[in-house]
Structures are given as structure tokens and as C-alpha cells.
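Let's take a walk through the inside of this protein, ring by ring and then core by core. Have the model open and follow along.

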Amino acid sequence: MPRKKKTEKEAEKTKEKKAVKKIASAGKTITEEGGAKEIGGGAVKKILKKELIEKAKKIEEKIKQKEEKDIKKEIEESEKEKRGRAKRAEKTLFPLDDYVKYSCHLGTKAVTPNMRKFVYKRRADGIAVLNTNDTDEKLKQAAEFLKDFKQEDIFIACKREAGWEAAKKFSEVTGIQSFLKKYPAGIITNPNLEDFFEIELVIICDPWIDKNALNDAIKLKKPVIALCDTNNLTRGVTKIVPCNNKSGKSIGIILYLLAREYLKNQGKEKEAKALKIEDFTGVVETTEKRKKGIKERGGAKEGV
């Protein structure tokens with residue numbers, strides 16, 4: 001189609017725009033009366049400076065508003081996180097920081113595929129660190145599972161010497177039979193043995209060290225609660241409690257909490273409250289106590 005010719009008004013507007021551009025480039029400004037007047041270079045600079053100051057003020061105001069919003073958001077998120085931590089603390093069996101105090105979080109340099117999901121990170125020396133949230137949650141599940149079994153239908157096996165005292169105390173307060181040092185293989189699978197007995201649940205302190213007890217439970221298709229470190233395979237384990245199962249302190253605190261919850265679930269609140277952590281873990285020396293001891297010895301270093 002042929003282009004339409006511009007109307008007179010449109011042509012006039014185009015001329016005006018071109019004129020304005022020429023005037024601006026020549027250092028002129030338009031007056032209210034429609035005319036143009038010359039302005040000096042200094043005046044131009046002043047106008048530009050004023051415009052820049054106004055723009056700077058607007059930008060500053062926007063930045064200030066954004067900062068205020070960011071600070072407000074940060075405060076809200078911080079408060080939300082605090083409330084979340086407080087809520088989690090109310091629901092945990094044991095303060096999460098205290099699991100660290102008893103070395104429950106320390107794994108090994110080896111991590112099996114079964115235990116990888118419980119690993120939080122690796123230290124600079126290659127030691128895997130377990131997530132204490134997982135430890136508490138899985139321990140809670142194990143305690144809930146344990147409550148449905150009678151004490152005479154359970155036994156605990158702990159071949160590792162570091163856990164003997166804790167396992168012995170666990171057996172004493174709960175009435176659950178324990179096998180320390182050595183588990184007599186076949187005691188629950190061979191009815192011809194004199195000391196044969198039937199069980200419904202097995203608790204072990206290490207799936208590898210206590211493999212005889214685990215294998216017997218697997219043969220009978222009985223559930224197993226196991227304290228598992230990062231280097232453990234978990235075949236045949238019903239309830240995994242991810243923790244350091246090499247340390248007496250760590251084994252002790254886990255068995256203390258299991259015993260406490262078991263007694264509570266059996267309606268023995270008084271007995272549960274009477275339990276002492278030290279009876280399971282031994283005395284745990286804190287940093288403060290260690291410093292005090294060094295000071296009393298006249299500043300002598302440990303081992304000197």
C-alpha cells in the first residue's frame with residue numbers, strides 16, 4: 001500500500017522536535033513563551049549537577065529501603081531459626097550439643113553405603129562426622145520400638161570391652177539379659193543346648209563385633225536394634241542407631257537413653273528419674289574441669 005502523506009500537524013510536530021534537539025545541542029533552553037534563549041556553559045553544569053544530585057538522592061533512598069527490608073528479613077529469619085531450634089530441643093531425647101560432648105558424632109574414616117546418609121561431613125583428618133539430629137531421631141524410633149517387648153524376651157550383646165560397663169548397667173536397671181565378652185552362638189537357635197531360650201528382640205552394640213548374635217537373630221527372623229558406626233554394614237538390622245560404637249562414653253549415653261525411655265514406657269517413672277548418666281558413661285571430663293586440674297597441678301601439662 002502507498003504510504004500516507006503526513007498531515008500538516010504531524011509535519012509541524014516533527015519540525016518542532018528537530019528544532020528542540022538543535023537548541024539543546026547548541027546550549028539553549030526553551031522558555032515558557034515558546035522561544036529559546038542562550039545559556040552559558042556554567043549554567044548547563046549547574047543544571048546537570050542538580051539533576052545528578054536528585055538522581056543520587058533517589059538511588060540512596062532506594063538503597064536505604066532495600067537495606068531496611070533486608071535487615072527486617074534477616075531478623076525474621078533469625079527469630080524463626082531460634083524458634084525452630086527451641087522447638088526441636090523440646091522434642092529431642094537429649095540435647096544435641098551433649099551428644100557431641102559424649103563423642104557420639106565421631107565416626108571412622110570408612111563410610112559404608114548403608115551409613116552414608118547419616119554422615120554430616122568429614123573432618124580435615126578424614127574422620128566422618130555423624131549428624132546428631134539423625135542420632136536422636138533414630139534413637140527415639142528405637143526406644144518407641146523397644147517398648148512393645150517384655151524384658152524376658154530381649155537380650156543385649158556387647159563384645160567390645162569399651163561397652164561392657166554400660167551394657168551391664170543397662171541389663172541391671174531394665175532386667176534385660178546381657179551377653180558381655182562372648183555371645184554363645186546357637187543359644188537361641190539350638191533347642192538341644194541346656195541354656196537355650198527363646199527371644200523376640202536382640203540389641204547389639206556393633207553389627208560386626210556382635211555378628212554371631214546378629215546372625216542368630218536373622219536365622220530366626222527376629223528384629224534387631226543395633227548401634228551402628230559409619231563403617232558398619234546394616235544387613236539384618238531392623239532399627240539403626242547411628243553413633244560412635246567404639247567409645248565407652250558414646251555407647252554409655254545411648255544405652256542410658258534407651259534404658260530411661262524403656263523404664264518410662266513401662267510406667268516406671270521413678271526408676272527412670274533415678275538413673276545417673278555417670279553409671280553408664282563413667283565421669284566425662286569437661287574442658288573446664290581439665291583446665292582446673294592443670295591449674296591445681298601448677299600449670300603442668302597432661303601426661304607430664
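F155 and F197 are both buried. Keep in mind that this is a predicted model. The two rings form an aromatic pair, edge-to-face, at 6.1 Å centre to centre with 75 degrees between the planes. The pair ties together distant parts of the chain: F155 belongs to strand β5, while F197 sits in the loop between β6 (177-180) and β7, 42 residues apart.

Now look at F179 and Y183, which are buried as well. Their ring centres are 5.5 Å apart and their planes stand at 85 degrees, so this pair counts as edge-to-face too. Ring pairs join F155, F179, Y183 and F197 into a cluster. In total, the structure holds 9 aromatic pairs.

On to the nonpolar packing. In soluble globular proteins, nonpolar side chains tend to be buried together. Here the largest nonpolar core has 39 residues, and F170, I253, I254 and L255 touch the most other members. Elements giving at least two residues each include α4 (132-146), β5 (154-158), α5 (164-174) and β8 (224-228). The largest share, 10 residues, comes from α7.

Zoom in on F170 and, leaving aside residues up to four places away in sequence, you'll find it touching I156, G175, I176, I203, L255, L258, A259 and F280. There is also a second, separate core of 21 residues, with A157, Y183, V202 and I204 among them.

One last stop is W208: K211 lies over the face of its ring, at 4.1 Å from the ring centre.

Technical notes: Residues are numbered from 1 along each chain as its sequence is written. This is a predicted model: local features need pLDDT of at least 70, side-chain atom pairs count only at pLDDT 80 or more; totals for chains, interfaces and linings use all residues. Side-chain values use heavy atoms; hydrogens and water are left out. A nonpolar core is a set of buried Ala, Val, Leu, Ile, Met, Phe, Trp, Tyr and Cys residues joined through side-chain atoms within 4.5 Å. Buried means under 20% relative accessible area, exposed over 50%, partly exposed in between (1.4 Å probe, protein chains only). Helices (H or I, at least four residues) and strands (E, at least two) are DSSP runs, numbered from the N terminus. Contact means heavy atoms within 4.5 Å. Rings of Phe, Tyr and Trp (its six-membered ring) pair if their centres lie within 6.5 Å; planes under 30 degrees apart count as stacked, over 60 as edge-to-face and the rest as tilted. A charge sits over a ring if NZ of Lys or CZ of Arg is within 6 Å of the ring centre and within 35 degrees of the ring normal.
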